[in-house]
Amino acid sequence: MIERNIILDGIDLAGFYGAGNVHLQMLKRLHPKLRIVARDNVIKVIGDEEEIEKFCRVTGLLKEYCNKYNSLNEEAIIDAVNGKRGDKGNDSNVIVYNINGRPIYPRTENQCRLVEEYRKNDMLFAVGPAGTGKTYTAIALAVKALKNREIRKIILSRPAVEAGEKLGFLPGDMRDKIDPYLQPLYDALEDMIPMVKLKEHMDNNVIQIAPLAFMRGRTLNDAVVILDEAQNTTPQQIKMFLTRMGNNTKMIITGDLTQVDLPQNNTSGLLHAQRVLNGVPGIGFVTLTKKDIVRHKLVTRIVEAYEKHEKLAAAEKNNRQ
């Protein structure tokens, strides 16, 4: 008789053990020759060495499955006990799976281009109107890299234009101050990472909040760094942000040039960066259009209506001049 501890790291324990420990109880029933005791992320196994080796192989397969699909089920457990790697079918086009085990994949041609350009380049600009999935796809790519241990952290940044980048008047700590501006990024993260695991990542700074106003002086290594709403940066701000890039880091910059909230006569840093960096090796550019909108069908109509209105307003202005 020997004893061995199995560490369950990097996965959602609630999903692994199941509601009311139903998955753990099933594992115990399928391994009657072993004494199995679980506490937090450690499973203690006592029994014959050969049986323990089999159990270790089973838990290894289940950890892979749980990490990939964010969930576990009886079928996956039985497959693992039989030495099979659980699979939900062809997932060659899937970026990651959400917390319910549903696939997240590029849904339009330009979203596919975004994924491809991310693979080929260390820095990527994704520009397009609201609802084209540029931010959601960027978050999915970052989560995939974190799950695959290609990076050690995800860093999220967004200009707080409404507060003029002066966040001190808001109540709470830094996270409380910047949270209202980063909520769209949190919404995407909560869809892809189980809540308990997401909180753990936030507490351990694996997923970091990096207000743009406080990025100066940092060197960002081993990370995927996402700058959202980049159209609301100034040329000086976006230059400062882009030069934070360190080793083994990828940057994704997203924005919508039709929604610039900067004061009048201020040049958008996103537009300026596109002009300056176009053609630089290692930097990719993807432009999404209203054809890529994947939200409610009304979003497409709204975008088209505003485009029509802006063209008419520009034509009237030219006529008056």
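Thr59 is buried (under 20% relative accessible area, with over 50% counted as exposed and values in between as partly exposed, for a 1.4 Å probe and protein chains only), its relative accessible area being 2%. Thr59 belongs to helix H3. Apart from its neighbours within four places in sequence, Thr59 is in contact (heavy atoms within 4.5 Å) with Ile6 and Phe16.

The structure is a predicted model, in which local features need pLDDT of at least 70 and side-chain atom pairs count only at pLDDT 80 or more, whereas totals for chains, interfaces and linings use all residues. Residues are numbered from 1 along each chain as its sequence is written, and side-chain values use heavy atoms, with hydrogens and water left out.

**Helix packing**

Two packed helices are described by the angle between their axes and the distance between the axes. Helices (H or I, at least four residues) and strands (E, at least two) are DSSP runs numbered from the N terminus. Axes are lines fitted to C-alpha atoms, for helices over the stretch in contact, with angles running from 0 to 180 degrees between N-to-C directions. The axes of helix H3 (residues 49-69) and helix H4 (residues 74-81) come within 8 Å and cross at roughly 140 degrees. H3 is therefore oblique to H4; angles under 35 degrees count as roughly parallel, over 145 as roughly antiparallel, 65 to 115 as roughly perpendicular and the rest as oblique.

On the H3 side, Val58, Leu61, Leu62 and Tyr65 meet Ala76, Ile77, Ala80 and Val81 of H4. By class, this contact of H3 with H4 has eight nonpolar residues, no polar and no charged ones, where Ala, Val, Leu, Ile, Met, Phe, Trp, Tyr, Cys and Pro count as nonpolar, Asp, Glu, Lys and Arg as charged, and the others, Gly among them, as polar.

**Aromatic pairs**

Rings of Phe, Tyr and Trp (its six-membered ring) pair if their centres lie within 6.5 Å; planes under 30 degrees apart count as stacked, over 60 as edge-to-face and the rest as tilted. The count comes to four aromatic pairs, including the two below.

| Pair | Centre to centre | Angle between planes | Class |
|---|---|---|---|
| Tyr69 and Tyr97 | 4.4 Å | 65 degrees | edge-to-face |
| Phe125 and Phe285 | 5.0 Å | 15 degrees | stacked |

Tyr69 in helix H3 and Tyr97 in strand E4 (residues 96-97) are 28 residues apart, and the pair links distant parts of the chain. Tyr69 is buried at 0% relative accessibility, and Tyr97 is buried at 6%. Ring pairs join Tyr65, Tyr69 and Tyr97 into a cluster.

Phe125 lies in strand E6 (residues 123-127) and Phe285 in strand E11 (residues 283-287), so this pair ties together parts 160 residues apart in sequence. Phe125 is buried, at 0% relative accessibility.
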